[in-house]
Structures are given as structure tokens and as C-alpha cells.
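Look over the sequence and the model, then read on.

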Amino acid sequence: MVFLPKQTPHDLTLQRAEIAIVENENSKPRRKYLGMSSIGGACSRKLWYSYHTPMTETFDAPTIMRFEDGHRSEALIADRLKATPGIMLLTEDDNGRQFGVEDFEGQFRGHLDGKILGLVHAPSVWHVWEAKCTNLKKFMQFKLLKADLGEQNTLKQWDATYYAQAQSYMGYTGLDDHYLTVCTPGGRDWEAVCTRFNEVDFEAIRDKAHRILGAMAPLARLSNDPSWYECKWCFYKDHCHGIAKLSA
Ligand code: SF4
């Protein structure tokens with residue numbers, strides 16, 4: 001006999017808290033630029049929508065709570081690294097703001113988690129520092145890739161979006177090295193890889209940003225099938241595939 005877990009109704013107070021979480025997050029002003037943190041996304045049309053249309057992507061409570069955990073984890077990892085002898089980690093510029101980079105008159109922008117010096121394998125080389133917090137499955141994939149491919153090849157294979165972000169930050173800061181720390185929720189386990197700057201990949205990312213910013217109409221779809229897995233979860237799905245029906 002198979003025992004299925006009983007479905008208990010979600011606590012009413014927490015439901016109310018989640019409504020407030022969603023309202024607070026989704027009432028924040030939308031950003032008015034194409035982000036380097038998302039330029040590596042698989043669908044250029046989705047990026048086009050995010051920049052060119054007034055539609056603002058909204059998030060549900062579980063997603064927002066995951067973002068919150070990511071911010072807390074980043075602060076925790078920064079504290080640990082700052083407390084490590086020999087490490088200098090800067091998370092703010094001289095004006096107390098996040099390090100920012102931009103191109104195309106500010107239409108393409110990114111914000112670094114930090115710059116780090118004193119890594120054991122290259123103590124005198126400044127690296128761009130980026131921190132990610134992932135679920136256990138993705139974390140294990142990261143560790144396996146590092147073991148199989150070596151750390152210089154891991155990031156590109158592990159996550160194209162994070163890789164493009166890393167290359168953008170290196171390209172625009174002029175730093176040739178990137179140090180990515182990845183942890184599990186709560187920071188109980190962590191691992192890191194270094195990645196070198198790749199001029200060819202950086203120029204391809206820059207071209208992609210230029211194409212998206214300059215296009216007057218939506219770019220080609222990633223898939224014409226709205227049930228394709230990336231379309232199924234896409235915030236712009238109805239608009240994107242609705243237009244297809246109208247113009248068919
Ligand atoms: S629905 Fe699919 S094709 Fe359309 S923008 Fe989203 S991911 Fe791209």
C-alpha cells in the first residue's frame with residue numbers, strides 16, 4: 001500500500017504574509033535597462049519584451065522568498081570571505097554603492113557583487129566576485145562539472161546566464177578573472193570556480209545586447225510551441241504566442 005502525504009491547508013497567517021510579500025515586491029519600480037544578469041538567457045525575444053514593453057514581470061511568493069534567501073546567502077558568504085586572513089573583498093565602491101558597469105548610454109547595465117583579492121591560487125590578482133545560492137540538485141551538478149571538466153570550463157557548461165554575466169562584468173571592468181562562489185540554501189555547503197575572460201564570448205554578448213536594444217519589433221521566438229518548457233513558464237507567453245495567432 002502506498003501512503004500519500006495528507007494535504008494540509010496552508011496556514012492563514014502565512015498566506016496573509018505571502019500576499020504582503022508579493023505586493024511589496026511587485027510594487028517596486030521596474031528597471032529601465034537591459035540587465036547583464038539576464039543577457040545570457042536563451043530567448044532574445046523575452047529579453048526584448050523586458051526592455052521594450054511596459055509589461056513588468058511579476059513573481060509569486062515562493063520565487064520572491066528564494067530571491068530573499070539568495071540575498072541573505074550572498075551577505076553570509078561575503079562576511080565569511082571578509083573574515084578570512086589574506087582576503088580583501090570589496091562589495092561597495094568609494095561612494096558606498098554597488099560596483100556598476102554599463103554600455104550603450106546606460107541602456108545595458110550590471111551590478112557586481114564585488115571585487116576580490118588574495119585568493120590562494122592567485123594572491124595578487126583582482127577577480128570579479130559573484131555569489132550564487134542554488135538548490136541542492138544544481139549545486140551537485142556544479143560540483144560534478146568542476147570535477148569532470150576542471151574549474152575553468154565549469155561555469156560555461158553549468159549556467160549560460162551566469163557565464164554571460166561573468167564575461168560582461170570582466171569585459172566592462174577590465175578584470176581578466178572571475179571568482180564565483182556557489183552555496184546551498186542557508187550556506188551550509190559551498191564551492192567555487194575561477195573563470196578567465198574570453199574576448200570572443202564578451203563581444204558576442206555585447207552584440208546580442210546591441211541587437212536587442214536596437215530592434216524595433218520583437219525578435220524571433222525561441223520556440224513557436226507555447227507548450228515548449230521555456231515558453232510554458234515565461235511571463236510574456238500569452239502576449240508572445242497571442243500575437244502569433246493574430247498574424248497567422
Ligand atoms: S513565450 Fe517563449 S518564445 Fe515567447 S518570449 Fe517567452 S520564451 Fe521566448
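## Overall fold

The protein chain carries 9 helices and 8 strands. Helices (H or I, at least four residues) and strands (E, at least two) are DSSP runs, numbered from the N terminus. This is a predicted model, in which local features need pLDDT of at least 70, side-chain atom pairs count only at pLDDT 80 or more, and totals for chains, interfaces and linings use all residues. Residues are numbered from 1 along each chain as its sequence is written, and side-chain values use heavy atoms, with hydrogens and water left out.

Along the principal axes, the C-alpha atoms fill a box of roughly 60 × 55 × 40 Å. Of the 248 residues in the protein chain, 36% are buried. Buried means under 20% relative accessible area, exposed over 50%, and partly exposed in between (1.4 Å probe, protein chains only). Among contacts with a separation of 6 or more, 66% join residues 24 or more positions apart. Contact means heavy atoms within 4.5 Å.

## Surface and charge

The accessible surface of the protein chain is about 15,100 Å². Carbon and sulfur atoms hold 55% of that surface. Accessible areas come from the Shrake-Rupley method with a 1.4 Å probe; for residues, only the protein chains shown count as cover.

## Around the ligand

Which residues are around the ligand? They are Cys43, Lys46, Arg221, Leu222, Ser223, Glu230, Cys231, Cys234, Lys237, Cys240 and His241. Near here means that a heavy atom of the residue lies within 4 Å of the molecule. Helix 8 (229-232) and helix 9 (237-247) are the elements that give two or more residues to this shell. Helix 9 supplies the largest share, 3 residues.

By class, the shell has 5 nonpolar, 2 polar and 4 charged residues. Ala, Val, Leu, Ile, Met, Phe, Trp, Tyr, Cys and Pro count as nonpolar; Asp, Glu, Lys and Arg count as charged; the others, Gly among them, count as polar.

## Two threonines

Thr184 sits in the loop between strand 7 (177-183) and strand 8 (190-196). Thr184 is buried, because its relative accessible area is 7%. Beyond its neighbours within four places in sequence, Thr184 contacts Cys133, Thr134, Leu136, Phe139 and Asp189.

Thr161 belongs to helix 6 (residues 160-173). Is Thr161 buried or partly exposed? With a relative accessible area of 23%, Thr161 is partly exposed. Not counting residues up to four places away in sequence, Thr161 touches Ser37, Ser38, Gly40 and Gly41. Thr161 and Gly40 are 121 residues apart in sequence, yet 4.0 Å apart in space, C-alpha to C-alpha.
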